Every structure is written in C-alpha cells, then in structure tokens.
Amino acid sequence: MGRAGVDGRRIAAWIVVVGIAAAPVIAAAANPLQGGREMLWIMGGMAGVVALCLLFVQPLLMAAAPPLLAAREGVHWHRWGGIAIVAVVALHVGALYAYSPDDMTDALLLVAPTPFSLYGVISLWCLVLMAVLVATRRLLRFGYRLWRILHSVLAVAVVGAGAIHAIQIEGVMEEYSKLSVCIAALAATTVGALEVNVLAPLRRRRILQSI
C-alpha cells in the first residue's frame, strides 16, 4: 500500500477513535445535571469521564490495526497516555475527596453502600500497581515477557473494573455513548493483550519452525 493509502487509513481510524472517545465527554459536559453543582464535583466527575475515554485510546496508540501511529511514535505516546491516565484518575479521586471526604473515605475503605465504589477502587489500585510496575521495571529487573504479561493483566483489570464502575453510576454520562466507549475500551484492551502475549508469539514460533 502506498503512502497515500496508509495516510488515508490513519486519518479514517483517527476520526472513528476520536468520535467514540469524544462523544461521552461532550455529552457529560452538556448534561443539565452539571448545572448548579460545585466546581469540585464537576471537576472530579469530568476527570473520571476523561479517564474512561483515555483507557479506550491507550491500547490503540501501539496497535498495528487500526494504524493510528507509526511504531516508534506509538510507544512514545503510549507512555505519555499512561501518565495522562494516572493524572486524571488522581484528579478524579482528589477532587471528589475534597468535595465529600466522608463518602470518598468510605469508598476507599470498601464500606460504601454504593456497589460502583468497589469497582472504582479495584480499578484504582490496579492502576497504582501498574504505575509502580512501570516506574520500577528496570530496578526490579523483570524479564520482558513476565513484565509484558503483568502489564497486560493489570491493564485488562483496570479497564474491566473501570467500565463496570462507570456503567453502574447513574450520573452525568449519556447512556449510549458511555456503553459504547466501555465496550470499545474492553475490546481494544483485551484484543491488544491477546495479540501481544499469545497471537504474535505464536506467529513468530511458526515462522521459526518453517525456516
């Protein structure tokens, strides 16, 4: 395929991805429930919406299909995407804690009466573990294969628990766009984990056996 074909596929892929990721953010920002709310509540809630949408985009930055970026650029922006996700999740938790310390403390201690809190905390701690794993990868001297598997398992856990957390909340997110981005994030992360840890190694093994 020529350069023009690659660029065309890349532009089309970006349009679809941005459309799926931006729709929940725009719908949530325009929700009438935002009216009259305190800034901390709005900030915390919108940070959670943005985090959910970034979880969908994050695995696609390194994917060969759809071809959003060249391989080297994909690795670079995947790292910055991870930093951005940690930052907006910290803003989500911090702003909601400042708005209602008792409710957030109950949620973090797993004694909140709201079922969605449990999945939010699971997703949060899996994200913390992943951030620590990434930051200490060279220090811990994990082999690449083990590190890749741990990274993939935690990524699926972060997205899975985060999606359940979002779906169970009846808040400012519009239902169809929320469900779409949750399904898309789960699909992208799961397929990416299978490709990196199972399918690609199998292809390499078959090629080596055929030589």
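**View A. Salt bridge between K178 and E175 in helix α8.** K178 and E175 are three residues apart in helix α8, so about one helical turn separates them. The structure is a predicted model, in which local features need pLDDT of at least 70 and side-chain atom pairs count only at pLDDT 80 or more, while totals for chains, interfaces and linings use all residues. Residues are numbered from 1 along each chain as its sequence is written, and side-chain values use heavy atoms, with hydrogens and water left out. Helices (H or I, at least four residues) and strands (E, at least two) are DSSP runs numbered from the N terminus. The closest N and O atoms of K178 and E175 are 3.5 Å apart, where a salt bridge requires a side-chain nitrogen of Lys or Arg within 4 Å of a carboxyl oxygen of Asp or Glu. K178 is buried, at 2% relative accessibility, whereas E175 is partly exposed, at 46%. Buried stands for under 20% relative accessible area, exposed for over 50%, and partly exposed for the range in between (1.4 Å probe, protein chains only).

**View B. Salt bridge between R203 and E195.** The N to O distance between these side chains is 2.3 Å. Both partners are partly exposed: R203 has 43% relative accessibility and E195 has 28%. The model has two salt bridges by this rule.

**View C. Nonpolar surface patch of L194, V198, L199 and L202.** Together the four residues have about 310 Å² of accessible area, computed by the Shrake-Rupley method with a 1.4 Å probe, with only the protein chains shown counting as cover for residues. Patch members have over 30% relative accessible area and no salt bridge; like charges are joined within 9 Å and nonpolar side chains (Val, Leu, Ile, Met, Phe, Trp, Tyr) within 5 Å. V198 lies in helix α8 and is partly exposed at 37%.

**View D. The largest pocket, with a volume of about 1,400 Å³.** On a 1 Å grid over the protein atoms alone, a pocket is an open set of points with protein on both sides within 12 Å along at least five of seven lines, a cavity is a set where a 1.4 Å probe fits but cannot get out, and lining residues have an atom within 4 Å of a point. Points are joined across faces, edges and corners, and the volume is the space filled by probe spheres set on them. Of the 39 lining residues, Q58, M62, H78, W147 and H151 lie nearest the centre. At least two residues each come from α2 (39-60), α3 (71-99), α5 (115-135), α6 (137-140), α7 (144-168) and α8 (175-210); α7 provides the largest share, nine residues. The lining has 27 nonpolar, seven polar and five charged residues, with Ala, Val, Leu, Ile, Met, Phe, Trp, Tyr, Cys and Pro counted as nonpolar, Asp, Glu, Lys and Arg as charged, and the others, Gly among them, as polar.

**View E. The second largest pocket, holding about 1,100 Å³ of space.** Its lining has 42 residues, with H92, L96, F116, H165 and I169 nearest the centre. Two or more lining residues come from each of α2, α3, α4 (101-108), α5 and α7. The most, nine residues, come from α2. By class, 26 residues of this lining are nonpolar, twelve polar and four charged.

**View F. R148 in helix α7.** R148 is buried, with 11% relative accessibility. The C-alpha atoms of R148 and A166 lie 27 Å apart, with the two residues 18 apart along the chain.
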